[in-house]
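Please keep the sequence and the model in view while reading.

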Amino acid sequence: QCRCVVCTECGVCGQAMYRRPIVIDYRRFSGLHEHGFHNLETQYELRGSSDDMTQREDVLKFEQGRIKALQEERLHIQKKTFTKWMNSFLQKARMEVEDLFTDLADGRKLLKLLEIISGEKLGKPNNGKMRVHKVENVNKSLAFLHTKVRLESIGAQDIVDGNPRLILGLIWTIILRFQVQEIEIDEDEKNTAKNALLLWCQRKTTGYSGVSIQDFTGSWRSGLGFNALIHAHRPDLIDFAKLQPAQHIDNLNNAFDIANNELGIPRLLDAEDVDTSIPDEMSIITYVASYYHTFARMKNEMKSGRRIANVTTRDLE
């Protein structure tokens, strides 16, 4: 008796007949780019004739191709986000990254990024024209990072040769160390930096209709979460009550435009990349961390302003 998902039995003779279309739910495979293949064959109960085996092989090949496409799409989104993030710092030195996988090869822009984001001097790089000079510059960057974080399975040659996955991994490590790790919510609470950022988002958006921040993926799809963060700090910039929960793209673009134009938060994300079943977690964390640092800086500036005002008042008295 055939129990294949793509065929059914004849009600008269009991023979398998292929007459139902193949339906595959790819949402189940969205996380496989991080965890690898997990025996896709166990996902299906395919038994029967040699024709069934051929059909089974076709299904698996189709799935493998689709999963590979999803992995490449995820890498493309991370590449866009990390490039924009780097450029938000490098513009201070009048530098720009156009292609993340090739522009870091000489090590000069990587060194400058680390200097800007850390506030430390790493020394003057060489011209980076010869391969040995490129490797030397990148090694200088990696040596600096080794004093801050634990780096594994990455060498200067990987960056010089433009290894996409290792380059993305390196930039993500820098983001975690210098953007996310600096986040603290209540010193007595033992949270990872990621959980601290999530807790901050939850506290700031509590009570907002249609907003329930549980993660750094699907919770942000509607765009209401970003708008709520802005409204919680600058209610004059957004009329939250007028936002339509079903208008994801409009909500996302509204928050991204206001954050960029009014608050100076670089637009690291594209609305279309967030309005998906499972947005890229690394990209969302990178962007949300920018909100945290911007509002933290505003809060400190307000405190400094009040202290100066109090001192001035006392002097006048």
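**Fold and helix packing**

Along the sequence, the chain is arranged in the pattern β-β-α-α-α-α-α-α-α-α-α-α-α. Its secondary structure amounts to 11 helices and 2 strands, where helices (H or I, at least four residues) and strands (E, at least two) are DSSP runs numbered from the N terminus. The model is predicted, so that local features need pLDDT of at least 70 and side-chain atom pairs count only at pLDDT 80 or more, while totals for chains, interfaces and linings use all residues. Residues are numbered from 1 along each chain as its sequence is written, and side-chain values use heavy atoms, with hydrogens and water left out.

Two totals describe the chain. Of its 317 residues, 41% are buried; buried means under 20% relative accessible area, exposed over 50%, and partly exposed in between, with a 1.4 Å probe and protein chains only. Among contacts with a separation of 6 or more, 56% are between residues 24 or more positions apart, a contact being heavy atoms within 4.5 Å.

Two packed helices are described by the angle between their axes and the distance between the axes. Here the axes are lines fitted to C-alpha atoms, for helices over the stretch in contact, and angles run from 0 to 180 degrees between N-to-C directions.

Consider helix α3 (residues 108-118) and helix α4 (residues 131-146), which pack with their axes 8 Å apart at an angle of about 30°. This angle makes α3 roughly parallel to α4, since angles under 35 degrees count as roughly parallel, over 145 as roughly antiparallel, 65 to 115 as roughly perpendicular and the rest as oblique. The crossing of α3 past α4 is left-handed, a term used if the near helix is turned anticlockwise from the far one by less than a right angle, and right-handed if clockwise. On the α3 side, Arg108, Leu110, Leu111, Leu114 and Ser118 take part, and they meet Asn137, Lys140, Ser141, Phe144 and Leu145 in α4. By class, this contact of α3 with α4 comprises 5 nonpolar, 3 polar and 2 charged residues; Ala, Val, Leu, Ile, Met, Phe, Trp, Tyr, Cys and Pro count as nonpolar, Asp, Glu, Lys and Arg as charged, and the others, Gly among them, as polar. Within α3, the residues Leu110, Leu111, Leu113, Leu114, Glu115 and Ile117 are buried. After α3 comes glycine 119, with a positive phi near 80°.

Helix α4 also packs with helix α6 (residues 164-180): their axes come within 12 Å and cross at roughly 40°. That angle makes α4 oblique to α6, and α4 passes α6 in a left-handed crossing. Leu142, Phe144 and Leu145 in α4 meet Leu170, Ile174 and Phe178 in α6. The residues of this contact of α4 with α6 are 6 nonpolar, with no polar and no charged.

A further pair is formed by α8 and helix α9 (residues 248-263), whose axes come within 8 Å and cross at roughly 35°. The crossing of α8 and α9 is left-handed. From α8, Leu224, Phe226, Asn227 and Ile230 meet Asn251, Leu252, Asn254, Ala255, Phe256, Ile258, Ala259 and Leu263 in α9. The contact of α8 with α9 has 9 nonpolar, 3 polar and no charged residues.

One of these residues, asparagine 227, is placed in helix α8 (residues 224-233). Asparagine 227 counts as buried because its relative accessibility is 0%. Leaving aside residues up to four places away in sequence, asparagine 227 touches Ile238, Phe240, Leu243, Asn251, Asn254 and Ala255.

Two residues of helix α2 deserve attention next. Arginine 74 is located in helix α2 (residues 50-90) and, at 13% relative accessibility, counts as buried. A polar atom of the side chain of arginine 74 lies 3.1 Å from the backbone oxygen of isoleucine 278. Glutamate 73 is also found in helix α2 but counts as partly exposed, at 41% relative accessibility. The C-alpha atoms of glutamate 73 and aspartate 273 are separated by 9.7 Å, although the two residues are 200 residues apart along the chain.

Finally, consider the loops. Arginine 94, in the loop between α2 and α3, has a positive phi near 55° and is a residue other than glycine. Arginine 94 is exposed, with a relative accessible area of 83%. Serine 153 lies in the loop between α4 and α5 (156-160) and has a positive phi of about 55° although it is not a glycine. Serine 153 counts as exposed at 66% relative accessibility.

Methods:
A polar contact is a pair of N or O atoms within 3.5 Å; within protein, one must be able to donate a hydrogen and the other to accept it, and residues adjacent in sequence count only if both atoms are side-chain atoms.
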